[in-house]
Amino acid sequence: MEYFKLSNGIQIPALGFGTWKVKGDDCVNAVKAAIEVGYRHIDTAWVYKNEKEVGQAIRESGIPRSDFFITTKCWNDHRGYEATMKAFQVSCENLGTDYLDLYLLHWPKPLDAESWRAMEELYETGKIKAIGVSNYHQHHLEDLKKTARILPMVDQIEFSPRLTQEPLMAYLKDEGIQMEAWSPLMQGQIFDIDVLKELAVKYNKSIAQIVLRWNIDKGVVVLPKSVTPSRIKENFEVFDFKLSSEDIARINALNQNIRTGADPDNFDF
Ligand SMILES: NC(=O)c1ccc[n+]([C@@H]2O[C@H](COP(=O)([O-])OP(=O)(O)OC[C@H]3O[C@@H](n4cnc5c(N)ncnc54)[C@H](OP(=O)(O)O)[C@@H]3O)[C@@H](O)[C@H]2O)c1
């Protein structure tokens, strides 16, 4: 495993396991398979309705809680100081933990400033090791900064070879905010891209491995999801090679600003 250092000094594993749309026993089994091959960073959210199953898989692994990096997210209905405090408690109970490694505001919403005040307090009392946001554009971060005492340590956004988000990435770097990539495999839609096929042959790796390595080589925390044990293992085997700067640039050039998910600027839940 490789790690990146957040602005507050916390070490975050560069590769995490995504759990969106994975529920019930499928979730317990997938997270157990991930833990088995070595993942210790698990990404969930209250709205995924699988925090209990993620917690169960972690507990049943027998590996100490302190070895894991658990991220969950505060959903849009839970905005405002009190609602965010309550949402944090509920997520901890679901996960069976008394602290979170990373808690994110899932989507930019009005009242984020009040929610952020709750997050800052939970962070200062040690109940959350790092706090951040998700799906924030630069202007959302600029708004939050007007009232925030503590800057977000993370912004989790959609990022893939077809959506390289270069201006936002540069801004996050300048602000010392760690970027995380969601839907890094475009929910399964990256596998027909010729340049990636060529690079997979060149490095003797799979297309998924090339794309995950591209994220890590660019300093991005990457969160692939799979329920297939062989793919879960394959996606973890990305620490024995690096891409050349020319090949990183070839993947950068695949950008077409295509999203697989919603754009927070023109979509609301
Ligand atoms: N913050 C947010 O708003 C937000 C939004 C979306 C996602 N996320 C996070 O990001 C995580 C990842 O995104 P995602 O779940 O949308 O999609 P993804 O990781 O981009 O893609 C998952 C899809 O790719 C397939 N796949 C995985 N590894 C593969 C491999 N090695 N070879 C071939 N196919 C492979 C999976 O199939 P199988 O499962 O069938 O193997 C699944 O269909 C989520 O699970 C969630 O934790 C966050």
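Is C74 buried or exposed? C74 is buried, at a relative accessible area of 0%. Buried stands for under 20% relative accessible area, exposed for over 50%, and partly exposed for what lies in between (1.4 Å probe, protein chains only).

The model is predicted: local features need pLDDT of at least 70, side-chain atom pairs count only at pLDDT 80 or more, and totals for chains, interfaces and linings use all residues. Residues are numbered from 1 along each chain as its sequence is written, and side-chain values use heavy atoms, with hydrogens and water left out.

**View 1. The cysteines C74 and C92.**
A disulfide is a pair of cysteine sulfur atoms within 2.5 Å. The count by this rule is zero disulfides. C74 is in no disulfide; its nearest cysteine sulfur belongs to C92, 12 Å away. C92 is likewise in no disulfide, with the sulfur of C74 the nearest at 12 Å. C92 counts as buried at 4% relative accessibility.

An oxygen atom of the ligand lies 2.8 Å from an N or O atom in the K225 side chain. For the side chain of N135, the distance from a ligand oxygen to an N or O atom is 2.9 Å. Taken alone, the ligand exposes 910 Å², and the protein buries 89% of that. These areas come from the Shrake-Rupley method with a 1.4 Å probe; for residues, only the protein chains shown count as cover.

**View 2. The shell around the ligand.**
The ligand is surrounded by 28 residues. The closest are D43, S183, K225, S226 and T228. A residue is near a molecule if one of its heavy atoms lies within 4 Å of it. Helix 9, residues 229-236, gives the most to this shell: three residues. Helices (H or I, at least four residues) are DSSP runs, numbered from the N terminus.

**View 3. R213 in helix 8.**
Helix 8 spans residues 207-217 and holds R213. R213 is buried, with 1% relative accessible area. Its side chain reaches the backbone oxygen of V238 at 2.8 Å.

**View 4. D263 and H137.**
D263 is found in the segment after helix 10. At a relative accessible area of 18%, D263 is buried. The side chains of D263 and H137 are joined by a polar contact of 2.9 Å.

G261 lies in the segment after helix 10. With a relative accessible area of 27%, G261 is partly exposed. G261 and W182 are 79 residues apart along the chain, and their C-alpha atoms are separated by 9.5 Å. N257 is also found in the segment after helix 10 (245-252). N257 counts as exposed, at 58% relative accessibility.

Conventions:
Polar contact = N/O pair within 3.5 Å; in protein donor to acceptor, adjacent residues only side chain to side chain. Helix = DSSP H or I, 4+ residues; strand = E, 2+ residues; numbered from the N terminus.
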